[in-house]
Amino acid sequence: MKVLSGTSNVKLSKEIAKRLKLKLVNSNIIRFADGEVYVEINENIRGNSIFVVQSSSQPANDHLMELLVCIDALRRSSAKNITAVIPYFGYARQDRKVVPRTAITAKLVSNLITNAGASRVVTLDLHAGQIQGFFDIPVDNLFSTPIFARDIKKNINTKNLVCVSPDVGGVERARALGRRVNASIAIVDKRRPAPGKSEVMNIVGNVKGKICVIVDDIIDSGGTIVNAVKALKDKGAADVYAYITHAVLSGNAVDKINKSQVKKLLVTDSIDNSKKLKKSSKIQVVSISSMMAEAIKRISNSTSVSSLFK
Ligand code: R5P
């Protein structure tokens, strides 16, 4: 077993490799002057099982292309099998045609990864579980719920807690977290008048005087969370926390969070945000490296990955 890192999140790849007591595969990943990706594997990997770690985070197109070129280089170097470890799977939000004449990019990207030569995918909190079915190769979709539940139990008074989904699509996620921390759930009725804009219509459930924990897969512009926090506060919530797996944090999202009434935002390191997060004392990061490393170990030993979440 060997681990190759793309350039999107070298910090996380190094952590994963360290936990597996491995060194990252020696490689050159560079750009030609026009931006084309060049990948060279500098060691023999013939017959090895290779795990290539790359999030398709911002710049999404560059990082996705880099993943595809890495997989192609590994295939042509006679790797025995190639697992694409994609902590943040970008392009997943376009998983169906919401309006006519649009693309389904989640399917397009799954085809690209498979056709490049991946034999398996490991990812985390896919935007929609059914994206697993867009692949005809095995997909292990890991969950950050156990990591979030551990942090909540350690740092928040769980007696008066409600887990909140910021939209109807995330109810399953809120329910799973609620089960682990013994809390009821509430739902924010969110509408999107246009891509990147969100409006709160209503809150389903009782949040008055409660400590609310919003759980979501992605924070991008921050609009969803800021609006949900305001709506919960308006309905009488005592405190509002947010636990979100993928910190896309584009534009002025960090500023918006700083200015909002959210008490704390906890995100994972599926995306490397080291620079951006220096500007916020409200945002904390919890690492997924040990869970990712354990999943890789179990895949390599052909033991159960799902039992990690029982
Ligand atoms: C949407 O369905 C996702 O689960 C997130 O709620 C959304 O991507 C967050 O986006 P933003 O932070 O731009 O509102």
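How many nonpolar, polar and charged residues does the lining of the largest cavity have, by class? The lining comes out at three nonpolar, three polar and two charged residues, where Ala, Val, Leu, Ile, Met, Phe, Trp, Tyr, Cys and Pro count as nonpolar, Asp, Glu, Lys and Arg as charged, and the others, Gly among them, as polar.

A word on the model before going on. It is a predicted one, with local features needing pLDDT of at least 70 and side-chain atom pairs counting only at pLDDT 80 or more, while totals for chains, interfaces and linings use all residues. Residues are numbered from 1 along each chain as its sequence is written, and side-chain values use heavy atoms, with hydrogens and water left out.

Back to the cavity (a set of points on a 1 Å grid over the protein atoms alone where a 1.4 Å probe fits but cannot get out; lining residues have an atom within 4 Å of a point). The structure holds one cavity of 30 Å³ or more, and the volume of the largest is about 40 Å³, taken as the space filled by probe spheres set on the points, which are joined across faces, edges and corners. Its lining is made up of Asp-125, Ser-144, Thr-145, Phe-148, Arg-173, Leu-177, Val-215 and Thr-245. At least two of the lining residues come from each of α4 (145-155) and α5 (171-181); helices are DSSP runs of H or I with at least four residues, strands are E runs of at least two, and both are numbered from the N terminus.

Arg-173 turns up again among the salt bridges (a side-chain nitrogen of Lys or Arg within 4 Å of a carboxyl oxygen of Asp or Glu), of which there are 18 by this rule. Its partner is Asp-216, at 3.7 Å from N to O. This pair ties together distant parts of the chain, with Asp-216 in strand β11 (residues 211-219) and Arg-173 in helix α5, 43 residues apart. Asp-216 is buried because its relative accessible area is 5%, and Arg-173, at 17%, is buried too; the cut-offs are under 20% for buried, over 50% for exposed and in between for partly exposed (1.4 Å probe, protein chains only).

Lys-297 and Glu-294 also form a salt bridge, at 3.9 Å from N to O. They sit three residues apart in helix α8 (residues 289-300), so about one helical turn separates them. Lys-297 is partly exposed at 36%, and Glu-294 is partly exposed at 26%. Elsewhere, salt bridges link Arg-31, Asp-62 and Glu-66 in a network.

Methods: On a 1 Å grid over the protein atoms alone, a cavity is a set of points where a 1.4 Å probe fits but cannot get out, and a pocket is an open set with protein on both sides within 12 Å along at least five of seven lines; lining residues have an atom within 4 Å of a point.
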